[in-house]
Amino acid sequence: MQNAGIAALGLDWRYLAFDVRPEELKAALEGARAMRFIGLNLTVPHKLLMHDLVDERDETARTWGAVNTVRFEARDATGEWTPLGAFATPPETDEILARGFNTDADAIVRALREDVAVEPRGARVLLLGAGGAGRTAALRLAAEGVAELWLVNRTREKAERVAAEIRARHPAVAVAVGYPREPVDLLLNATSRGLRPADGSPLDEAAFPLREAAAVYDMIYRPAETPLLRAAREAGCRAANGLGMLLYQGTKALEIWTGRPAPVAEMRRALEANIYGDTAP
Ligand code: ATR
């Protein structure tokens with residue numbers, strides 16, 4: 001996805017993947033800084049660790065307490081911190097700043113708008129899952145101004161904890177633990193049930209029939225159609241899998257490094273080819 005985006009922008013850059021052990025993350029960051037890398041992406045379990053390692057954090061990193069994107073910067077001729085990607089040649093300086101961002105949370109909102117036409121503001125949302133992904137989604141949707149949020153989790157106590165956090169941070173949002181007894185604008189799956197071939201749906205359809213949901217978004221993108229998404233399609237809901245979230249966190253990262261709009265269509269094509277191969281949905 002990133003290399004397709006880089007190529008479409010005509011940049012002489014390369015995006016590479018490295019396995020880094022958590023205890024060597026600091027050394028990896030310093031190595032990338034010394035080699036004048038333009039930036040980094042990080043995935044689990046490095047996002048929380050990198051939050052504490054970077055020199056500066058933008059608002060997204062501060063809000064989520066996690067960093068999935070780093071941009072290296074140097075001072076330009078006027079003394080302004082400037083992304084390394086904007087320099088024609090690596091700057092002659094020892095002073096390189098690592099600035100941390102988080103593009104995951106915004107990607108949820110963009111995917112909901114573009115892939116299932118859900119505007120979070122004022123919406124009624126049933127959210128399944130209260131792990132790391134569920135908590136971030138709940139807080140992001142609350143920050144976006146959803147009207148009502150129902151939280152359901154296999155381990156109820158974890159949903160209670162997320163609900164308490166939302167009541168404290170976003171008192172305007174009506175939050176409850178358990179299934180709604182009314183229709184919702186969105187059912188969002190943030191559990192991992194559906195990932196494995198033997199998995200069923202994370203939804204208890206006796207407690208909440210799918211026809212009561214206008215749209216269904218499953219954060220899982222492989223398999224392309226989980227049992228929940230198949231049932232949603234059969235029930236006539238607007239439905240999408242989590243590929244858009246993966247895509248949009250990546251397009252945003254490329255925009256942070258380049259300062260230019262990302263070539264979204266090219267990046268989506270590359271991502272689909274890579275993940276689904278010839279079985280693209
Ligand atoms: P992630 O970072 O992907 O959210 P996680 O923090 O391990 O990963 O959270 C996994 C989520 O999927 C949790 O909400 C988990 O429920 P529990 O809190 O009860 O563990 C949920 N989950 C995993 N397997 C599940 C299953 N078979 N049925 C229902 N929920 C499941």
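**Stop 1: the ligand**

Select the ligand and Ala-130: a ligand oxygen atom is 3.1 Å from a polar backbone atom of Ala-130. This is a predicted model, in which local features need pLDDT of at least 70, side-chain atom pairs count only at pLDDT 80 or more, and totals for chains, interfaces and linings use all residues. Residues are numbered from 1 along each chain as its sequence is written, and side-chain values use heavy atoms, with hydrogens and water left out.

Move to Ala-133. One of its polar backbone atoms is 2.9 Å from an oxygen atom of the ligand. Now pick Arg-154. Here an N or O atom of the side chain is 2.9 Å from a ligand oxygen.

The residues around the ligand include Gly-129, Gly-131, Gly-132, Asn-153, Thr-155, Lys-158, Thr-191, Ser-192 and Arg-193.

**Stop 2: α6 and α7**

Select residues 132-144 for helix α6 and 156-169 for helix α7; their axes come within 10 Å and cross at roughly 25°. That makes α6 roughly parallel to α7. Helices here are DSSP runs of H or I with at least four residues, strands are runs of E with at least two, and both are numbered from the N terminus. Axes are lines fitted to C-alpha atoms, for helices over the stretch in contact, and angles run from 0 to 180 degrees between N-to-C directions. Angles under 35 degrees count as roughly parallel, over 145 as roughly antiparallel, 65 to 115 as roughly perpendicular and the rest as oblique.

The crossing of α6 and α7 is right-handed (the near helix is turned clockwise from the far one by less than a right angle). Show side chains. On α6, Arg-135, Ala-138, Leu-139 and Ala-142 make the contact; on α7, Val-162, Glu-165, Ile-166 and Arg-169 do. Contact means heavy atoms within 4.5 Å. Five of these residues are nonpolar, none polar and three charged. Nonpolar covers Ala, Val, Leu, Ile, Met, Phe, Trp, Tyr, Cys and Pro, charged covers Asp, Glu, Lys and Arg, and the others, Gly among them, are polar.

**Stop 3: α5 and α9**

Go to α5 (residues 104-116) and α9 (residues 243-258). Their axes are 8 Å apart, at an angle of about 125°. That makes α5 oblique to α9. The crossing is right-handed. Contact residues include Ala-107, Ile-108 and Ala-111 of α5 and Met-245 and Tyr-248 of α9. The contact divides into five nonpolar, three polar and four charged residues.

**Stop 4: α2 and α3**

Which residues of α2 meet α3? Select Leu-25, Lys-26 and Leu-29; they meet His-46, Leu-49, Met-50 and Leu-53 in α3. The axes of α2 and α3 come within 10 Å and cross at roughly 60°. The two helices are therefore oblique to each other.

**Stop 5: backbone in the loops**

Pick Pro-45, in the loop between β1 (39-41) and α3 (46-53). The peptide bond to Pro-45 from Val-44 is cis, with omega near 5°. Jump to Pro-223, in the loop between β10 (213-218) and α8 (227-234). Another cis bond joins Arg-222 and Pro-223, with omega about 5°. Finish at Arg-36, in the loop between α2 (25-34) and β1. Arg-36 is not a glycine, yet has a positive phi of about 60°.

Definitions and conventions: A residue is near a molecule or strand if one of its heavy atoms lies within 4 Å of it. A polar contact is a pair of N or O atoms within 3.5 Å; within protein, one must be able to donate a hydrogen and the other to accept it, and residues adjacent in sequence count only if both atoms are side-chain atoms.
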